[in-house]
Amino acid sequence: MLESTKDYFQNTFSYPDCEELNMYYCGKRIETPNHSYGPEVRSHFLLVLVKDGYGTYLSSKEKIRLSPGKLIVMFPNEIIHYVVDKKSLWSISWIGVYGSMVYNFFKKMGITAQNPVFDVSNLDAVANILEEIYQKSFSEEENDKIHIISLLYRFFAELLSGSNKKNSMDFVAKTKNIIEYNYDQNINVKSIANALHINPCYLSRKFKERYGVLPKEYILDIRLDNAKRMLKKTNLRINEIASSVGFSDSLYFSRLFKEKTGMNPTDYKKFSV
């Protein structure tokens with residue numbers, strides 16, 4: 001179904017025969033003034049490509065500048081919020097996607113819920129694919145629907161190609177990525193450094209220079225943030241939550257949790273209801 005104003009256009013898409021990679025809708029904005037988005041939560045992946053304009057992505061931990069060539073990835077059930085600069089005209093394209101392949105693509109690109117903004121090096125090629133997807137979305141012909149599915153694969157192929165060409169994943173970024181995807185495992189700075197063939201002290205120093213925190217502290221922060229989320233949203237027992245976020249000892253987890261939050265996990269859960 002087409003939704004549009006003078007600067008906003010969106011169309012839905014339905015082709016249920018492809019479970020690995022598919023799309024709910026696509027759209028674009030053209031030179032929208034005074035724009036902002038969110039805070040908003042979606043039940044699926046929403047990818048927004050900035051084609052023109054400048055703004056700021058806002059999270060609870062950091063602010064990231066947005067400019068042409070940035071791809072914003074909204075993960076399911078995660079809050080996203082960005083504000084466009086005053087006097088900046090905002091031109092973007094977006095797709096709402098789902099499927100078993102989506103997480104795999106993002107993992108290869110180093111995109112996580114904690115690191116949701118990606119630099120697109122081949123902006124014109126990626127933007128052209130999204131425009132072609134939008135134009136094709138109005139057709140009810142099955143061959144055009146299949147073509148859209150192929151364009152989605154081509155979209156991710158272009159993103160991965162650009163990522164590989166500029167070798168954006170250096171060892172510091174890889175460390176951050178490893179932590180965010182494996183915080184629930186028995187990882188530490190030494191094991192990560194060994195996997196990357198880097199001296200642990202050198203890795204810790206470079207990580208803190210870039211992110212302002214030591215990697216061992218970042219591991220703990222990620223674990224406790226996810227523990228808070230699980231305490232709020234699940235009925236799991238404390239020991240189950242501790243194990244789910246990488247703590248083998250639930251008493252140690254509870255002690256650390258209270259040190260960081262001022263409350264033990266049980267009280268935190270009660271006051272979060």
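Strand 6 (residues 55–58) and strand 7 (residues 63–66) pair in the antiparallel sense over 4 bridges, where strands are DSSP runs of E with at least two residues, numbered from the N terminus, and pairing requires at least two DSSP bridges between the two strands. The structure is a predicted model, in which local features need pLDDT of at least 70, side-chain atom pairs count only at pLDDT 80 or more, and totals for chains, interfaces and linings use all residues. Residues are numbered from 1 along each chain as its sequence is written, and side-chain values use heavy atoms, with hydrogens and water left out.

The two strands form a hairpin with 4 residues between them. Within this pairing, Tyr-57 has Ile-64 of strand 7 as its bridge partner. Strand 6 also pairs with strand 9 (residues 79–84), again in the antiparallel sense. The bridges are set out below.

| Strand pair | Sense | Bridges | Residues opposite each other |
|---|---|---|---|
| Strand 6 and strand 9 | antiparallel | 3 bridges | Gly-55 and Val-84 |

Glu-180 lies in helix 4 (residues 171–182); helices are DSSP runs of H or I with at least four residues. With 7% relative accessibility, Glu-180 counts as buried, a class that means under 20% relative accessible area, whereas exposed means over 50% and partly exposed lies in between (1.4 Å probe, protein chains only). Leaving aside residues up to four places away in sequence, Glu-180 touches Thr-112, Gln-114, Asn-115, Tyr-218 and Ile-222, contact being heavy atoms within 4.5 Å.

The second largest pocket has a volume of about 270 Å³. A pocket is an open set of points on a 1 Å grid over the protein atoms alone, where a 1.4 Å probe fits, with protein on both sides within 12 Å along at least five of seven lines; lining residues have an atom within 4 Å of a point. The volume is the space filled by probe spheres set on the points. Helix 7 (215–233) and helix 9 (250–261) each give two or more residues to the lining, and helix 7 supplies the largest share, 4 residues. The lining includes Lys-216, Arg-223, Phe-247 and Tyr-252. By type, it comprises 6 nonpolar, 4 polar and 2 charged residues.

The whole structure contains 0 disulfides, a disulfide being a pair of cysteine sulfur atoms within 2.5 Å. For Cys-26, the closest cysteine sulfur belongs to Cys-18 and is 16 Å away, too far for a bond. Cys-26 is buried at 1% relative accessibility, whereas Cys-201 is exposed at 60%.

Key: Ala, Val, Leu, Ile, Met, Phe, Trp, Tyr, Cys and Pro count as nonpolar, Asp, Glu, Lys and Arg as charged, and the others, Gly among them, as polar.
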